[in-house]
Amino acid sequence: MAGSSALASTPNYIPSLIKPPSPTREFRGVWVATVGNIDWPSKPGLTTQQQKAELLAIFERAVQLRLNSIILQVRPGCDALYSSALEPWSEYLTGQMGRAPSPFYDPLTFAVAEAHQRGLELHAWFNPFRAHHNKARSAVSPTHISKTHPQWVKAYGPQLWLDPGEEAVRDYSRQVILDVVRRYDIDGVHLDDYFYPYPEKDVRGTALSFPDGGSWKRYTSAGGKRTRADWRRGNVDQFIQGLYESIKAEKPFVKFGVSPFGIWRPGFPEQIRGFDSFEQLFADSRKWLAKGWLDYFAPQLYWNIAPKEQSYPVLLKWWAEQNLKQRHVWAGDAPGRIGPNRSSVEIVNQIRLTRQQSGATGNIHWSMGAFMQNRGGIDDALRSGVYAQPALVPASPWLDSTPPAAPKIWTEAMSRDGARLMWSSTGLEPAWLWLLQMRVAGDWITEILSSQQTTRMLKTPQPDVLSLISVDRCGNASAATVLQLRSPTGR
């Protein structure tokens, strides 16, 4: 009798032609920096369980904020926050370069699995040419590049750097990155603004030249005709283009993104003043975007909206205009600078301006520490405002434009909790994410679910319309499979 009553009260859903609202598409990423233990781990030498707990807290906060992507720094300076046969374990994990976590675990394997379980993308962030950071404190491991290939490494200021002018160096860094692409189920490879290093000065304040005299001499002796600055830019160009092509040869769906300094050159556009990354870092980032040597471009626009000479919206508009191949442009902003001269309102307004800029489809936030602290109330402002609803990562049609098949969905009776919604893929391509939309009392509720989830309880009040979409690895969305609650009259 009790079972019959439960079955009789189970909602009866039938196929429907009702169209749900189009899902929001916006990249919502956050940098998680490991160098100097900026964001994670909070300090070196934590136990394995403490490290895992901190990373899970970061992922949970990202979910609460309705972010959809984590950009995790895995190679701060020719070291590894993952198990590598090529480079030593990073000291930011255990306090000693070359020492593995104990009890052993692979942080990147753990991070990828836990991010994906929560419907988050995980991008691996590499520093391609920095060899050793001045924040490092432990002894250098015998397996570090400065010991195994000292001819590639140059001391410059307080840090060690690989020389991008060496073809062997460019190939080495590329192979380090491709090793991760091959062995880990990452969603993206990410580089920041460090190519040739930022200029350093000696104790007298005199500018120091990067010590690449050996590789420069070999270039000119072989008949090279470029200026030294153009040659340096060409070295970085070769690395960027070659890395992009190599990633696509390994796994076409893995996105490649670069986050350069936000000003290409002073005077571009005309009102802009500031650091010249083209001349000082030898980074012709405008060329990389224009040539389509990347899948997403995230200029670090860490300035406020109002100042004319480094205006966030003016720079964003200019960058969007350079995007000749229609790649993703995702603006970098800096909630980490919230303080006396910047409120959380500034960050919220920058997100709104990004949405208004044609060709820009998201933001990456520097960095996770600000969100873990809810600095200046930024978390509250995001959750109650611009990030009140979840968003799918924008699709990348140049990688794959074929949508998956529409999923199959059905309901199953439950004894007390109403009904259970269940679903599965129907085509050859498995789902990467599910987009579930439910209409309750006239309002649409959207949930983005991991591919690992294939059930959802339908509790009171029951939705009168259910819609499910399958999303693939490149962001393509299937047609919606829609069910409507049958009315008591059977209509």
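What volume does the largest cavity have? The largest cavity holds a volume of about 70 Å³, where a cavity is a set of points on a 1 Å grid over the protein atoms alone at which a 1.4 Å probe fits but cannot get out. The structure is a predicted model, in which local features need pLDDT of at least 70 and side-chain atom pairs count only at pLDDT 80 or more, while totals for chains, interfaces and linings use all residues. Residues are numbered from 1 along each chain as its sequence is written, and side-chain values use heavy atoms, with hydrogens and water left out.

**Cavities and pockets**

By this rule there are 2 cavities of 30 Å³ or more. The lining of the largest cavity consists of 14 residues, with Glu-121, Val-393, Val-471, Asp-472 and Gly-475 lying nearest its centre; lining residues have an atom within 4 Å of a point. The second largest cavity is lined by Pro-76, Gly-77, Asp-79, Tyr-92, Met-97, His-132, His-133 and Ala-136.

A pocket, by contrast, is an open set with protein on both sides within 12 Å along at least five of seven lines. The largest pocket contains about 400 Å³ of space, and of its 19 lining residues Asp-193, Tyr-194, Gln-300, Tyr-302 and Trp-366 are the closest to its centre. For the second largest pocket, which has 18 lining residues, the closest to the centre are Val-63, Arg-66, Leu-67, Pro-390 and Ile-448, and strand E16 (residues 443-450) supplies the largest share of the lining, 3 residues.

In the table, Ala, Val, Leu, Ile, Met, Phe, Trp, Tyr, Cys and Pro count as nonpolar, Asp, Glu, Lys and Arg as charged, and the others, Gly among them, as polar. A volume is the space filled by probe spheres set on the points, which are joined across faces, edges and corners.

| Space | Volume | Lining residues by class |
|---|---|---|
| Largest cavity | about 70 Å³ | 7 nonpolar, 2 polar, 5 charged |
| Second largest cavity | about 50 Å³ | 4 nonpolar, 3 polar, 1 charged |
| Largest pocket | about 400 Å³ | 11 nonpolar, 3 polar, 5 charged |
| Second largest pocket | about 300 Å³ | 10 nonpolar, 4 polar, 4 charged |

**Nonpolar cores**

In soluble globular proteins, nonpolar side chains tend to be buried together. A nonpolar core is here a set of buried Ala, Val, Leu, Ile, Met, Phe, Trp, Tyr and Cys residues joined through side-chain atoms within 4.5 Å, and buried means under 20% relative accessible area, exposed over 50%, and partly exposed in between (1.4 Å probe, protein chains only). The largest core has 97 residues, of which Leu-122, Leu-162, Ile-240 and Phe-256 touch the most other members. Helix H8 (residues 228-250) gives the most to this core, contributing 8 residues; helices (H or I, at least four residues) and strands (E, at least two) are DSSP runs numbered from the N terminus. A second, separate core of 13 residues includes Ala-431, Leu-436, Leu-468 and Leu-483.

The 13 residues of helix H12 (residues 344-356) should span 18 Å at 1.5 Å a residue, and the end C-alpha atoms are 19 Å apart, which agrees; the expected span is 1.5 Å times one less than the number of residues. Among the buried residues of H12 are Glu-346 and Gln-350, and what covers its buried residues includes helix H11 (312-321) and strand E12 (360-365). Ile-305, found in the loop between strand E10 (296-297) and H11, counts as partly exposed because its relative accessibility is 22%. Leaving aside neighbours within four places in sequence, the contacts of Ile-305 (heavy atoms within 4.5 Å) include Glu-346, Asn-349, Gln-350 and Leu-353. Ile-305 and Asn-349 are 44 residues apart in sequence, yet their C-alpha atoms lie 8.4 Å apart in space.
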